[in-house]
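Hi,

Here is the model I promised to pass on.

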Amino acid sequence: MPTEPDRTESAKIELSEQELRDITGYAAACAHRTLPIFEDAEPADPRPREALDAALAFAAGGRRTADLRARAWAAFKAAREAPTPAAGDAAGDAARAASHAAAAAYLHPLADAHQVKHILGAAAHAARAEELASTTPETLDWARHHAPQAVTDVLARLPTAPAGGGRVGHLLRELDAALRV
């Protein structure tokens, strides 16, 4: 007698390596828009730039390696270590954008709302960095108009972005909704 599927597990989705590369390249392009915010605040810290370089190398056909994952984590650590004044908050979100860009290469083929964060997290954090740095907010609009077909195709296979996440979560849901139209 067949067993009922486990309702706690997410269903698998189709996800090609080329889609992963396109999503990672898109996430890196979004994050790169605010890299100067981090580098102006922390000019001696190369970790977010190195994460973006690794993400772009994967997007261009490189291998998905432990080094790529390590650089994603290093950029995340740089975000946590960024100074806390207003400019530091912006720098932290710019570094988080770089971290999310490198981590996009590790999107899981699961129909889980959390996976939307892997696709759009870099854009949402970059948009938040712009807000905090009081620069002209352009990244979210840019992300809407420059998403490759792979981004919209994969988003169509996933549930919508999850609730929560503060301002970054709001920006993530706004972008998610715009890309699903």
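A crossing is called left-handed if the near helix is turned anticlockwise from the far one by less than a right angle, and right-handed if clockwise. By that rule H6 passes H9 in a right-handed crossing. Helices here are DSSP runs (H or I, at least four residues), numbered from the N terminus.

Before more detail: this is a predicted model, where local features need pLDDT of at least 70 and side-chain atom pairs count only at pLDDT 80 or more, while totals for chains, interfaces and linings use all residues. Residues are numbered from 1 along each chain as its sequence is written, and side-chain values use heavy atoms, with hydrogens and water left out.

Now the salt bridges (a side-chain nitrogen of Lys or Arg within 4 Å of a carboxyl oxygen of Asp or Glu). The count comes to 14. One network links Asp45, Arg47, Lys77 and Glu81. In it, Glu81 pairs with Arg47, with the closest N and O atoms 2.8 Å apart. Glu81 sits in H4 (residues 66–81) and Arg47 in H3 (residues 47–59), so this pair ties together parts that are 34 residues apart in sequence. Glu81 also bridges to Lys77, at 3.9 Å between the closest N and O atoms; those two are four residues apart in H4, about one helical turn.

For accessibility, buried means under 20% relative accessible area, exposed over 50%, and partly exposed in between (1.4 Å probe, protein chains only). Arg47 is buried at 19%, whereas Glu81 is partly exposed at 45%.

Cheers
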